[in-house]
Amino acid sequence: MRLAILGGGGFRVPLVYGALLGDRAEGRVTEVVLHDLDADRLHAVTRVLAEQARSAAPGAAPAVRATTDLDEALRGADFVFSAIRVGGLQGRADDERVALAEGVLGQETVGAGGVAYGLRTVPVAVGIARRVARLAPGAWVINFTNPAGLVTEAMSRHLGDRVIGICDSPVGLGRRIARVLGADPGRVWIDYAGLNHLGWVRALRVDGRDELPRLLADPVLLGSFEEGRLFGADWLRALGAIPNEYLHYYYFNRETVHAYQRAERTRGAFLRDQQAGFYEEMRDPNTPALEAWQRTRAEREATYMAENRETAGAGEREADDLSGGYEKVALALMRAIARDERTTLILNVRNRGTLSALDAEAVVEVPCLVDANGAHPVAADPLPGHATGLVCAVKAVEREVLAAAESGSRARAVTAFALHPLVDSVNVARRLVEGYTRVHPGLAYLA
Ligand code: G6P
Ligand code: MN
């Protein structure tokens, strides 16, 4: 079984490889091909994986090969993980900075920052989807690339249901709620629906009984987990649901924008500097690779918690939740497909009638039954009006991004920003397009 990882020089790749090392079952991945445009980063990560492999039982570690040739990476792949970051972390920092300078939210995936990131990423993701359709038509593509819902939808236009988008936030939220309710996270049914980074837990069923009302009625329980503290008991009761942490940027937009404007540097700028340090260290062939990676990661997570406590951002997380998600969701998905091991996962897939307010092609984030035939969204209750409103507004923005990327139309790009609920003036949208096209070479296609 061969897995190609696009963005193979990325800092999180050792997490994926670590998850693969823990898989001893029949039909597991035996070969990993890393692809990246940057040969130095590829080399650095390959060294980390080689050290990780040394700790595994002899013959148990998947073989690793690295290439800067996309076609070579794709040929013969059974699964493709797409985990690219167009424009790198400098691009993310610019996405954040330009928006904040205009007084609107500058964040990796939400608001103006997310629109800019989408505009840069969609053309590249579509290029990859086309190559996969051609060179590995039987492969399953698991999309990690953000903004994950939008990028998955762009790729689905070329790959149909063979591309599935993933995120760690819904499963993390479900796990935290289950934990405070004293329920076994493996046995609960989490009724979650929306778009990526824009969804709500509406019920949490244990043996068919909804335990969410018990949580909403209990201020102590509500104060004992991240989203409970982030949104506050009153607002959660008003909603009658627990929103994804990213909805904090909508419900408390003004406070978040102010906090981010006051912060010394954005999350993207912090990660850019920190990761540059790691890759720089790795230029020395004598650097112990795994140790350098682990140290950088520990530092990154410590700062994540500290920074977010100050800036009222995505909230603090319990240490065991930190970045402990993506690779587990991806592995569970891959296993279910490869071995026809039926399971339920919250994934980004084409709607196919699940949320009645959206068309069949719209990619949504909902619970899915997964087996060898792929991911099948489970019928969901309609969203309440306020949630339908947000989901439809943001999907309309995503569609404008897709249209801009396809046509190269600058006017469509302006419309994408202007229609976003977190952009408060058409004039701001115009200036955002100017500002972003000035700093991002990846937006040169907008005429
Ligand atoms: C969560 C989200 C991801 C996002 C990440 C950012 O895991 O689900 O989509 O990319 O947070 O984390 P970072 O450490 O890069 O700020
Ligand atoms: Mn995510």
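Helix α1 (residues 13–21) buries V13, P14, V16, Y17, L20 and L21, where buried means 20 or more other C-beta atoms within 10 Å of a residue's own, exposed means 12 or fewer, and partly exposed is in between, with C-beta atoms placed from the backbone. Helices here are DSSP runs of H or I with at least four residues, numbered from the N terminus.

The model is a predicted one, so local features need pLDDT of at least 70 and side-chain atom pairs count only at pLDDT 80 or more, while totals for chains, interfaces and linings use all residues. Residues are numbered from 1 along each chain as its sequence is written, and chains are lettered from A and ligands numbered from 1 in the order in which they are written.

On to the core. The largest nonpolar core has 130 residues, and V80, F81, I142, I166, L333 and F417 make the most contacts inside it; such a core is a set of buried Ala, Val, Leu, Ile, Met, Phe, Trp, Tyr and Cys residues joined through C-beta atoms within 7 Å. Its largest share, 10 residues, is supplied by helix α5 (residues 111–135). Setting aside residues up to four places away in sequence, L333 touches I142, I164, I166, L345, L347 and V370, contact being C-beta atoms, placed from the backbone, within 7 Å.

L333 is also one of the buried residues of α16, along with Y326, E327, V329, A330, M334, A336 and I337. D340 follows α16 with a positive phi near 55°.

Helix α7 (residues 169–180) has 12 residues and should span 16 Å, in agreement with the 17 Å between its end C-alpha atoms. Nine of the 12 are buried, so α7 is largely enclosed by the rest of the structure. Among them are S169, R175 and R176. Just after α7, G182 has a positive phi of about 70°.

S169 turns up again at ligand 1: of the eight residues around this ligand, N146, C167, D168, S169 and R267 come nearest, counting residues whose C-beta atom, placed from the backbone, lies within 6 Å.

Notes:
Helices (H or I, at least four residues) and strands (E, at least two) are DSSP runs, numbered from the N terminus. Two residues are in contact if their C-beta atoms, placed from the backbone, lie within 7 Å. The expected span of a helix is 1.5 Å times one less than its number of residues.
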